[in-house]
Amino acid sequence: MPAATLTISSRNYSSWSLRGWLVCRMASLDFETELLSGNDASTRAELLHLSPSFLVPRLCHGEIVVWDTLAIAQYLNEIRPEAGFLPKDAVARAHCRSIAGEMHGGFINLRSALPMNLKARHTGFKIFNGARGDIDRIVTIVDECLSRYSGPYLFGETPSLADAMLAPVCTRFVTYDVPVSGATAAYRDIILAWPLMQEWLDSALAEPDEIEELDMEF
């Protein structure tokens, strides 16, 4: 039997669920995934950005219960340090933590204007100034990391916590046809080709539930 359960809200729409699932898989944790119903009121509030606080993704590991993606990653880093969430070098490690924290607490305009929707494609989508500033900042982060640590991932040859945190943004770049620099476009494609991302994307495409409000808005 799996040693843990990760509760998520939606594979297609929930960027935080994707991040939580990625870090659990990166840590090689033996877990099963529990998917909440799209008809659940709290699930819909999270996905529609109507709730300031929500409890998914939520990891139950024995007697430990931890929610919030960054908290899950920090817990897993404690029990599975071999997962390599953070670089070995202290300077790079601080840089990685900073990017993960910035992604966790920022980019509100991007989240609101370009919500994750893996099944959708909006060619020529008009991006307004608020979201454009967030996109420019993400491109700066990616370009600086690739230049500094030589890629193909943000901190070198293997995915880190920062990559897991930025992964949903890469899907948004595709969904909303966001033009980005050559280096960032290459990074986007690397993330989308990551076997863990491919596994999630396949599951999302097979997910039957739809959140009508999100699909109608765009």
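Which residue in strand 4 is the bridge partner of Arg58? The views below begin with that pairing. The model is predicted, so local features need pLDDT of at least 70 and side-chain atom pairs count only at pLDDT 80 or more, while totals for chains, interfaces and linings use all residues. Residues are numbered from 1 along each chain as its sequence is written, and side-chain values use heavy atoms, with hydrogens and water left out.

**View 1. The hairpin of strand 3 and strand 4.** Strand 3, residues 58-61, pairs with strand 4 in the antiparallel sense over four bridges, where strands (DSSP runs of E, at least two residues, numbered from the N terminus) count as paired if DSSP finds at least two bridges between them. The bridge partner of Arg58 in strand 4 is Trp67, and Leu59 stands opposite Val66. Two residues lie between the strands of this hairpin, and Gly62 in the turn has a positive phi of about 65°.

**View 2. Leu59 and the largest nonpolar core.** This core (a set of buried Ala, Val, Leu, Ile, Met, Phe, Trp, Tyr and Cys residues joined through side-chain atoms within 4.5 Å) has 67 residues, and Leu59 is among those with the most contacts inside it, as are Leu22, Leu76, Phe155 and Leu161. Elements that give two or more residues to the core include strand 1 (4-8), helix 1 (15-26) and helix 3 (69-79). Not counting residues up to four places away in sequence, Leu59 touches, among others, Leu6, Cys24, Ile72 and Leu76, with contact taken as heavy atoms within 4.5 Å.

**View 3. Helix 1 against helix 3.** These helices (DSSP runs of H or I, at least four residues) pack at an angle of about 5°, with their axes 9 Å apart. That makes helix 1 roughly parallel to helix 3, a description used for angles under 35 degrees. Trp16, Arg19, Gly20, Val23 and Cys24 in helix 1 meet Thr69, Ile72, Ala73 and Leu76 in helix 3.

**View 4. Cys96 and its closest cysteine sulfur.** Cys96 is buried, with a relative accessible area of 0%, where buried means under 20% with a 1.4 Å probe and protein chains only. A search of the whole structure finds zero disulfides, defined as pairs of cysteine sulfur atoms within 2.5 Å.

Definitions and conventions
Buried < 20%, exposed > 50% of the residue type's maximum accessible area, 1.4 Å probe, protein only. Axes fitted to C-alpha atoms, helices over the stretch in contact; angles between N-to-C directions. Parallel < 35°, antiparallel > 145°, perpendicular 65-115°, else oblique.
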